[in-house]
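Okay, thanks everyone, let me get the model up on the screen.

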Amino acid sequence: MSPTLQSLPFFQDSYELRIAQLQEERKRGIKVIGTFCLYVPDEIIFASGADRIVLCGGRADTIPVAEQSLPRNICPLIKSSFGAVIDACCGGSLACPHIPLIDVVVAEATCDGKKKMYELLTDYLPTYVLDLPQKPGSPEAREYFLSEIRKFARFMEQLTGNIITDEALRREIRSSNATKRLLHRLFALRKSDPSPIRGSEVLRVMQKQFFLSPDMFRKGISLLCDELEHVVSSGNTGPRIMISGCPMAAGNTKVPDIIEQKGGVIVVEESCTGTRSFLDLVDEDVDPWKALAERYLEIPCACMTPNDQRIARIVELAKEYNVRGVVYYTLQFCHAYNIERLRVQKALKKEGIPLLAIESDYGESDTEQIGIRVEAFLEMIA
Amino acid sequence: MISAGIDAGAATTKGVLFRDNTIMGYRIADTGFNFLTASETIFSILLESYSIRREEIGHVYATGYGRSSISFADKSVSEITAHAKGVSFLFPGVQGIIDVGGQDSKVIVVENGRVVDFLMNDKCAAGTGKFLEYTAKALEVPISDLGELARVSDHRAAITSMCTVFAESEVISLRARGFLKEDIAAGLIRSIAQRVAVMAKRMGLKENIAFVGGVAKNAGMRAALEKELGVPLYVPFEPQITGALGAAIAAQG
Ligand code: SF4
Ligand code: SF4
């Protein structure tokens with residue numbers, strides 16, 4: 001067991017303050033944007049003077065509500081998110097505290113499930129959809145995405161009544177790069193063996209990344225890094241594991257918890273609640289719009305094709321963090337990540353790195369079965 | 001030194017005693033409701049049958065679904081590791097293991113007795129003994145006869161549902177349409193063999209494959225699986241005990 005880290009409660013405490021802050025901002029007429037995906041550039045939202053909070057659902061209890069409208073066989077993240085919205089809008093008791101704070105949802109055309117869910121969402125909340133080229137590698141795709149984010153910026157300007165100046169955008173790019181650099185620092189600390197912090201703890205921190213204001217989040221990460229630099233013996237000596245795959249939205253910590261209860265130590269996550277959110281910085285030295293378009297299309301999400309950078313990056317990260325094995329985590333019915341598994345598996349196999357595939361939902365019924373697989377995997381790589 | 005391995009499975013509990021690099025003896029019994037009681041019973045039956053005192057046993061290792069409940073065991077190992085050890089003991093040089101039990105099925109890739117990869121199906125009854133159990137019931141034949149029955153068929157019926165519940169109704173409708181029992185049985189055996197073979201191929205198994213678990217006792221099932229994979233399969237004299245055997249071997253230290 002690692003010693004209790006003093007800086008971890010900061011994140012939970014700030015979260016409560018944050019909700020109060022957003023309520024207060026709304027009273028002052030500041031617009032609050034709800035988002036569901038890394039592809040929506042925060043920099044543009046902040047540069048327009050608006051604020052934002054993520055709405056991705058990781059809770060199981062809102063799923064039955066969603067299933068009254070959505071098919072059952074879609075990804076639990078989509079169902080959980082949608083359930084939270086309709087529950088909150090219909091005066092339900094499950095109360096996702098974020099929904100009443102939202103003026104507009106800024107959605108994105110990523111996977112089919114989310115895209116079609118957003119259409120239903122418009123009955124409950126005003127929703128703007130950012131389009132994305134699905135084959136992002138070409139100059140034309142970048143051109144197109146550039147026009148999309150400019151359009152989005154105009155939408156934000158109309159919503160807030162503020163003009164987004166290049167200067168404001170540059171400021172926000174610097175701010176988000178600062179956050180990313182801090183996360184680089186945090187993750188670099190995990191490269192030491194044993195890692196000073198467990199992955200299930202880092203995940204709970206990363207889940208707050210898009211809830212807290214950037215200032216608060218950075219403050220928390222700095223405190224955490226300062227503390228971790230002084231951890232002498234963490235006791236996290238089990239086999240080093242990397243997680244790769246679907247996002248784990250707040251409320252969903254099942255698989256990492258199982259892995260670490262069974263003695264594994266997660267040292268890096270290739271996911272939207274891990275490296276995908278911060279690894280690439282936005283170029284501060286070129287035209288800010290172009291830099292944003294470039295950086296955002298580099299996000300290695302399985303919704304895109306081909307997704308070679310993701311495969312290469314997974315192998316790179318596995319080596320860099322010196323992991324013994326990779327747990328490929330997918331949400332049930334997430335076709336993009338489920339199908340991409342085979343390519344990841346093959347690439348890792350070439351490097352002699354074993355992979356365990358776990359597909360799960362938000363329920364508890366498979367906890368035991370996942371435990372059995374994880375134990376066998378840990379024995380195998382020990 | 002004598003060691004013991006207990007495999008606390010969801011349906012059956014198996015126990016093996018191991019000494020001087022040989023199997024001293026084994027027992028198999030239904031698990032019933034309580035993993036611990038079933039394991040204690042198996043263990044004391046083993047001790048009694050071979051006139052051994054508890055003190056003569058060095059270590060007891062547990063494996064299987066209920067392994068964490070076996071409080072008298074010194075240590076537990078996962079089924080994957082246990083099967084690999086047990087099967088590699090019986091068939092040195094084995095490269096793949098297909099285990100089809102009552103509740104789950106797994107495919108294990110082995111290299112020099114070590115697990116290098118594995119795949120488990122335990123979420124769904126398709127491709128497990130449960131599939132045979134339910135569909136045999138719908139056919140009104142004892143599960144043990146299903147394999148033999150299938151062998152006399154020369155017009156195999158096509159079973160298209162992988163899902164146990166749907167396959168059960170498919171059997172009923174095939175019966176209503178006048179299909180012969182043996183042809184339906186052959187269809188069922190083929191269906192599960194295909195499902196399991198897909199798992200094995202996905203793991204890249206080619207030859208030197210052992211087939212274990214309760215379902216491996218079924219000769220018709222074994223023949224069908226050999227046909228799907230195109231290679232002969234090694235089946236131990238008692239296919240249900242390889243997990244317990246592996247645990248007992250691990251307990252030798
Ligand atoms: S996995 Fe893809 S679609 Fe989902 S949040 Fe991440 S970038 Fe967006
Ligand atoms: S996890 Fe997969 S299916 Fe679910 S929202 Fe993300 S991309 Fe879509």
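Quick definition to start: two strands count as paired if DSSP finds at least two bridges between them. Helices (H or I, at least four residues) and strands (E, at least two) are DSSP runs, numbered from the N terminus. Housekeeping: this is a predicted model, where local features need pLDDT of at least 70 and side-chain atom pairs count only at pLDDT 80 or more, while totals for chains, interfaces and linings use all residues. Residues are numbered from 1 along each chain as its sequence is written, chains are lettered from A and ligands numbered from 1 in the order in which they are written, and side-chain values use heavy atoms, leaving out hydrogens and water.

So, the sheet. In chain A, strand S1, residues 32–35, runs parallel to S2(A), and four bridges join them. Take Ile33(A): its bridge partner in S2(A) is Arg52(A). Zooming out, four strands of chain A make an open sheet, ordered S2-S1-S3-S4, with parallel pairing. At the edges sit S2 (51–54) and S4 (127–130) of chain A, each pairing on one side only. From one strand to the next, the twist averages 30°.

What lies across this sheet? Helix H1 of chain A, residues 8–27, lies across S1 and S2 of chain A, at about 135° to S2(A). Angles here run from 0 to 180 degrees between N-to-C directions, with axes as lines fitted to C-alpha atoms, for helices over the stretch in contact; contact means heavy atoms within 4.5 Å. Helix H6 of chain A (139–160) lies across S1, S3 (104–108) and S4 of chain A, running at about 160° to S4(A).

Now helix pairs. Still in chain A, H10 (254–261) and H14 (367–381) have axes that come within 9 Å and cross at roughly 45°. That makes H10(A) and H14(A) oblique to each other; the cut-offs are under 35 degrees for roughly parallel, over 145 for roughly antiparallel, 65 to 115 for roughly perpendicular, and oblique for the rest. Residues meeting there include Ile258(A) from H10(A) and Val374(A) from H14(A).

Over in chain B, H2 (79–90) and H8 (242–250) pack at about 90°, axes 7 Å apart, so H2(B) and H8(B) are roughly perpendicular. Among the residues in contact are Phe89(B) of H2(B) and Leu245(B) of H8(B).

Last one: H6(B) is followed by Gly204(B), with a positive phi near 80°.
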